[in-house]
Each structure stands twice: as structure tokens, then as C-alpha cells.
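Please keep the sequence and the structure in view while reading.

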Amino acid sequence: MYQTEAKGTIFLLITALIWGSAFVAQSMGMDYVGPFTFSAARDVVAIIVLIPVILLFAEKRDDGSYPPIWQQLKPDAITLIGGAWCGLTLGIADTLQQVGISMTTAGKAGFITAIYIVLVPLMGFFIGRRVRRIIILCVALAMVGFYFLCINGDFEIAFGDLLVFFCAIFFALHILVIDHFLLKKAHGIKMSWVQFAIAFLFSATLTALFESPTASILWAAKWPILYAGGLSSGVAYTLQIVGQKYTEPTTATLIMSLEAVFAVLAGWLILGEVMSAKEIVGCILVFMAVILAQIPLPSHLFGKS
């Protein structure tokens with residue numbers, strides 16, 4: 001039992017590390033290509049990586065054989081619909097994040113994005129789900145942290161930070177959409193490749209309208225694209241699924257929230273980003289909000305609202 005829990009913890013820690021350091025890859029990618037091109041390219045890589053993952057998790061038929069590859073990849077109706085909605089919200093979130101990262105630091109983007117963990121239960125309240133009262137405190141902490149992270153002395157917010165905040169809203173919507181369709185028995189991994197296909201169409205449309213990528217600049221950006229698409233989208237997604245099999249949900253989310261910490265560390269180690277004392281305070285407050293949103297507390301202290 002303890003060995004399987006330890007295995008799950010290791011998988012989820014690696015997931016958080018990959019996701020956090022991917023902010024650096026996304027930032028570095030902006031040195032070569034535009035944000036829409038980067039998002040479209042990483043979606044293509046994610047689809048390619050997920051195909052063997054789908055085949056790996058394919059279920060055998062009654063006679064012990066595997067169905068043809070096209071049947072293993074083919075989504076059913078609810079999976080296709082779910083993947084389309086997931087892809088739309090993911091495409092918007094990724095695009096907002098990628099454009100925002102081009103105007104802010106990887107570390108700040110990581111912590112602002114982490115606010116989605118607080119927003120998920122808050123949004124759930126507006127669609128009829130019961131929400132713990134402590135979420136109100138978490139939202140307040142996150143907003144104060146967001147202020148310290150992003151608002152300058154003239155009480156203005158940088159446009160890049162604002163875009164990343166909107167990205168966090170769409171990532172929260174993305175999680176709720178995933179939850180909705182998984183409850184309807186959509187196939188999780190197949191829904192993932194469908195969502196990346198739809199996200200690609202969204203980003204590719206913006207690329208065609210606003211950017212003119214060439215083969216040479218795409219090749220120059222190959223390593224950031226491969227990291228963000230292959231590891232962050234493909235490998236990390238798979239590790240998350242496997243890790244959550246062995247880990248209690250609250251613990252799993254807590255571990256994955258370390259993504260924000262890894263984003264700051266990666267930005268500091270690789271890009272040389274340095275945060276001011278005010279921004280560090282903002283990071284601490286956001287991280288406290290993320291942690292409190294996941295820790296189960298006695299109902300007499302913070303019960304259901």
C-alpha cells in the first residue's frame with residue numbers, strides 16, 4: 001500500500017515539475033515564433049505523443065486480442081463532444097497564457113495560473129455545487145496575492161499579467177468541462193487527443209490570421225515546442241492519470257499545485273528571473289490560497305455553504 005502511494009506521489013511530483021518548468025519553455029519559444037504558432041505546434045506534438053498512450057491503455061476484446069488501431073483511437077459520441085468543448089476552452093486558455101507569457105515572467109505566470117485551483121470550486125458554486133466556506137478566504141488570499149504580484153505603484157496591472165489571469169479562468173472552466181463529461185462516461189485519454197485536435201484548429205486559425213511562420217523558425221523553436229507539447233501536454237498528462245490512481249484526490253491536487261513553485265525556480269535557474277520582495281509576498285499568498293483550497297478542515301470551522 002505504502003509503495004503504491006509513494007509511486008503515485010513520485011509520478012505527480014514529476015508532473016508538477018514538468019508543468020512548472022514548461023513555463024520556461026513557453027517563454028523561450030517566444031524568442032523564435034509567435035504565441036499562436038507556438039500553441040498550434042505544441043498541440044500537434046501532444047497529439048502525436050498521445051496516440052501511443054491511447055494504444056498502451058487500449059482494452060482487449062473478449063478473445064484476448066486488441067481491436068484495429070483505428071478503433072482504438074476512434075472516440076464515441078460523448079467523448080467526441082466532450083473533447084470538442086474541452087478543446088475550445090483549452091485552446092482559449094493556452095492562447096491567453098502564451099500571449100501573456102510573452103509580456104511577463106515565467107515565474108509570475110506560473111503563480112497567476114495556479115489561481116485556477118481556487119477558481120474551480122468557486123465556479124462550481126454558480127452551477128449548483130456545494131462549496132466549503134474556506135474557499136471565500138482562499139479567493140480573498142489569492143486576490144491579495146495577485147495584487148502584490150501584478151499591480152505596480154500606479155495601481156495599474158500589466159497587460160500580460162491580466163491575460164494570464166484570464167487564462168486561469170479558462171483553465172478552471174476546462175477542469176469543470178472535463179469533470180462534466182467524465183461523469184457522462186467519456187473516455188479520458190481519447191477525449192484528450194480530441195481536445196488537442198480542436199485546440200490546434202483554434203490556434204492554427206489565429207496563426208493563419210495574424211502570423212506567418214516558416215519552416216526555419218519552427219525548426220529553430222523545436223526544443224521549446226517539443227518540451228511543451230511532448231512532455232508538458234503528452235507525458236505529464238499520462239503521469240497525472242497514473243499518479244492519481246494511487247493517490248487520494250486532495251493529496252494529488254496539493255502535489256500538483258507545486259507547479260507554481262517549480263515555475264518560479266525554473267525561471268530563476270534557467271532564465272535568471274528575479275522577483276522583488278513585493279512579488280515574493282504575492283507568490284506566498286497565492287500559494288497559501290492554493291494549499292488551503294485543497295486541505296480538508298473540520299466542518300465546524302469551515303463547513304459547506
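The structure is a predicted model, in which local features need pLDDT of at least 70 and side-chain atom pairs count only at pLDDT 80 or more, while totals for chains, interfaces and linings use all residues. Residues are numbered from 1 along each chain as its sequence is written, and side-chain values use heavy atoms, with hydrogens and water left out. The predictor's confidence in each residue is given by pLDDT, on a scale from 0 to 100. The mean pLDDT of the chain is 80, with 86% of its residues at 70 or more. Where pLDDT is low, predicted coordinates should not be read in detail.

The secondary structure consists of 14 helices and zero strands; helices (H or I, at least four residues) and strands (E, at least two) are DSSP runs, numbered from the N terminus. A contact means heavy atoms within 4.5 Å. Of the contacts in the chain with a separation of 6 or more, 87% are between residues 24 or more positions apart.

Burial is judged by relative accessible area: buried means under 20%, exposed over 50%, and partly exposed in between (1.4 Å probe, protein chains only). Of the 305 residues of the chain, 49% count as buried. Helix H5 (residues 106-113) is mostly covered, since eight of its eight residues are buried. Lys-108 and Phe-111 are among them.

Ile-47 lies in helix H2 (residues 35-56) and counts as buried because its relative accessible area is 17%. Leaving aside neighbours within four places in sequence, Ile-47 is in contact with Trp-193, Phe-196 and Ala-197. Ile-47 and Val-194 are 147 residues apart in sequence, yet 8.3 Å apart in space, C-alpha to C-alpha. Thr-207, in helix H9 (residues 188-210), is buried because its relative accessibility is 10%. Not counting residues up to four places away in sequence, Thr-207 touches Phe-36, Thr-37, Ala-40 and Pro-213.

Leu-182 belongs to helix H8 (residues 159-183) and is partly exposed, because its relative accessible area is 39%. Beyond its neighbours within four places in sequence, Leu-182 is in contact with Gly-188 and Met-191. The C-alpha atoms of Leu-182 and Ile-78 are 9.3 Å apart, although 104 residues separate the two in sequence.

Two cysteines may also be located. Cys-86 is buried, with a relative accessible area of 1%, and Cys-167 is buried at 0%. If a disulfide is taken as a pair of cysteine sulfur atoms within 2.5 Å, the count comes to zero.

What, finally, lies on the surface? The chain exposes about 14,900 Å², of which carbon and sulfur atoms supply 71%; accessible areas come from the Shrake-Rupley method with a 1.4 Å probe, and for residues only the protein chains shown count as cover. Met-28, Leu-265, Trp-268, Leu-269, Ile-270, Leu-271 and Val-274 form a nonpolar patch with about 710 Å² of accessible area together. Patches are made of residues with over 30% relative accessible area and no salt bridge, like charges being joined within 9 Å and nonpolar side chains (Val, Leu, Ile, Met, Phe, Trp, Tyr) within 5 Å. A salt bridge is a side-chain nitrogen of Lys or Arg within 4 Å of a carboxyl oxygen of Asp or Glu. Helix H13 (residues 259-271) gives the most to this patch, with five residues. Leu-269 is found in helix H13 and counts as exposed because its relative accessibility is 62%.
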